[in-house]
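The stops below go from a cavity to helix pairs and then to backbone details.

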Amino acid sequence: MENQPDELSTAEAVAEESFLGPIDICLLVIMICGAAYYLFTRKKQESQTSQFKSYSIQPTTVNTMTMAENSFIKKLKSSGRRLVVFYGSQTGTGEEFAGRLAKEGIRYQMKGMVADPEECDMEELLQMKDIENSLAVFCLATYGEGDPTDNCMEFYEWIQNGTADLTGLNYAVFGLGNKTYEHYNKVGIYVDKRLEELGATRVFELGLGDDDANIEDDFITWKDKFWPAVCDFFGIESTGEDVLTRQYRLLEQPDVTPDRIYTGEIARLSSLVNQRPPFDAKNPFLAQIKTNRELHKAGGRSCMHVEFDIEGSKMRYEAGDHLAVYPINDTDLVLKLAKACNADLETVFSLINTDTDSSKKHPFPCPTTYRTALTHYLEITAIPRTHILKELAEYCSDEKEKEFLRFMASTSVEGKAKYQSWIQDSSRNIVHILEDLPSCRPPIDHLCELLPRLQPRYYSISSSSKIYPQTVHVTAVLVKYETPTGRVNKGVATTFLAEKMPKDGEPLPRVPIFIRKSQFRLPAKTETPLIMVGPGTGLAPFRGFIQERDFNKQDGKTIGQTILYFGCRKKSEDYIYQEELEDYEKRGLLTLRVAFSRDQAHKVYVTHLLQEDTDLIWNVIGENKGHFYICGDAKNMALDVRNILLNILKTKGNMSETEAQQYIKRMEAQKRYSADVWS
């Protein structure tokens, strides 16, 4: 109370002063100007994002909530969502399918979100029962020897080893696999079964996609039965509206300084200039190419031997690992695409997710230019899936072309057949489609949203770090073929590598790379015998194996029998690493069995040699517990080799069909039977 008179006198003194002093007036003017600038720029941005409002493609509702933690339950609850779609993806397809399901959920009163299991606390699945009528969907790819994808590994191990009670969790699973691989869709099948064992409720049957056939057809066929089943299960009705929505809004940024613009980096800005280990998928090492030489002697085809310098990178590898290469798209295709969309390639822009709950704020690093996006970030040579065709149709001024795209994007038998013939069988990419449908002129920003991310390409390492600790070697056939439409399609990565030729007097070319660990390994004991089957570039990892065995032999260690089955078309044309292999054979390290399919009237393949060598093979794998390796084509060669091995076990090992199958299963479990194959 003693201070009260002073407070009153102070208030009276303030009251006697003028209402606004000079400083107050200045501050007020600044605030008014700031507010006016904000309103003006906001209106300008809104006009930019709504320039295509004549189409039915509109931005989704923006939720202003931001969430720092990776709690998908909190995000679901705070945004009124009931659907979460998890993805396990190695090449981006699983993530793409998950996004499509989450996006379609709105049509079925199931507002959804996409989630990466690696970024979530998956034990929160226990809390899904607290959200009424909630649903978790899993789009899970199977990778390698029946393994989960890298981003799904922890979740897979958790449901394998855990005993969580998932009663009250409603779920569905769509698996992505390839029938040419032995462990077809193993991950999707296991997760679907295991979730039920843990008490969860399956809302719809397991879907299985086969990438060897038409995985897009498999997905949409499953999806079109999935949604009615969801509606029946939860007692809801479809809104009936198939409204196409934009996931990202465009923001052009002409005033961004050059040092803030992404120029091809995968994650960290300037990471390709300021290199810092550790190097991985999000932080690749910019390696110099020291050697790039042709391995084929004739025949018109090309096979490259490429050596990457990894000195100073602190990257380590073992024989059998994979090297990942981040390629860039062909400049001619980029220019054609830009022309078709009437785009200025130098425009600086960002695509910003309209779903503020999503952990994925941009589809690729932003801000960037359209030139960089089309060159470094987007898969422009991939065969477009049906959802892309459906959205492209909205930009056709010709009604016949619009209906044609909608027809191919439909689920009718005739529409699927036309998609198969006109898109898949004809190998039409986005550039070809826009060339052949001249009235289709989508805005470049929407195309950037629709096209999938450009993925790294993986190659079996064809060297041993025991001999080459500072370099990594790969062996790659240049992909180039003519399509039924008369166009020439080129492999993205091999075309990119073919242009990276070291030249005297010039700096060595550089390529972003990282190393991916593999389970394809030499036996721990050097005296263990082994058989390697690797026709064509399937030889690649075995070159590393043989080098390592040679190194160990020089080191005085006992080396077990080392047998290689190699095949190619003609000895005079495509017998790669011939001199090296024959030298190993002369020195007694290697038993070499070679098939040249076109050097005689009748075709001879490695499978024929294997059938001739039944006693030798039984001696190695049956009597001496040796290791058996296959590398190469999964669709035909690998399957044929496995069947030959089964017959040898039955005839030489006196086993029944079941016993032979079980024997190979045990070999796989003991890492005595390994396959590194591709389709």
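How do the residues of the lining of the second largest cavity divide into nonpolar, polar and charged? Five are nonpolar, four polar and four charged. Here Ala, Val, Leu, Ile, Met, Phe, Trp, Tyr, Cys and Pro count as nonpolar, Asp, Glu, Lys and Arg as charged, and the others, Gly among them, as polar.

Before selecting, note that this is a predicted model: local features need pLDDT of at least 70, side-chain atom pairs count only at pLDDT 80 or more, and totals for chains, interfaces and linings use all residues. Residues are numbered from 1 along each chain as its sequence is written, and side-chain values use heavy atoms, with hydrogens and water left out.

**Stop 1: the cavity**

Select Lys75, Met113, Ala115, Cys120 and Ser359. Of the 13 lining residues, these lie nearest the centre of the second largest cavity. β3 gives the most, with three residues. Helices (H or I, at least four residues) and strands (E, at least two) are DSSP runs, numbered from the N terminus.

The volume of this cavity is about 90 Å³. The search of the whole structure finds three cavities of 30 Å³ or more. A cavity is a set of points on a 1 Å grid over the protein atoms alone where a 1.4 Å probe fits but cannot get out; lining residues have an atom within 4 Å of a point. Grid points are joined across faces, edges and corners, and a volume is the space filled by probe spheres set on the points.

Colour by domain next. Domain 1 (69–234) and domain 2 (247–259 + 328–454) each supply at least three residues to the lining of the second largest cavity. The bounds come from an automatic or database domain assignment.

**Stop 2: helix pairs**

Select 93–104 and 215–234, helices α4 and α7: their axes come within 12 Å and cross at roughly 25 degrees. That makes α4 roughly parallel to α7 (under 35 degrees).

Move to α8 (residues 331–340) and α9 (residues 370–377). Their axes come within 10 Å and cross at roughly 135 degrees. α8 and α9 are therefore oblique to each other.

**Stop 3: backbone details**

Go to Pro277 and Pro278, joined by a cis peptide bond with omega about 5 degrees. Pro278 sits in the loop between β10 (248–252) and β11 (285–294).

Then pick Cys366 and Pro367: the peptide bond between them is cis, with omega near 0 degrees.

Finish at Lys314, a residue other than glycine with a positive phi, near 65 degrees. Lys314 lies in the loop between β12 (303–309) and β13 (322–325).

Methods:
1 Å grid on protein atoms, 1.4 Å probe; cavity = no way out; pocket = protein on both sides within 12 Å on 5 of 7 lines; lining within 4 Å. Axes fitted to C-alpha atoms, helices over the stretch in contact; angles between N-to-C directions. Parallel < 35°, antiparallel > 145°, perpendicular 65-115°, else oblique.
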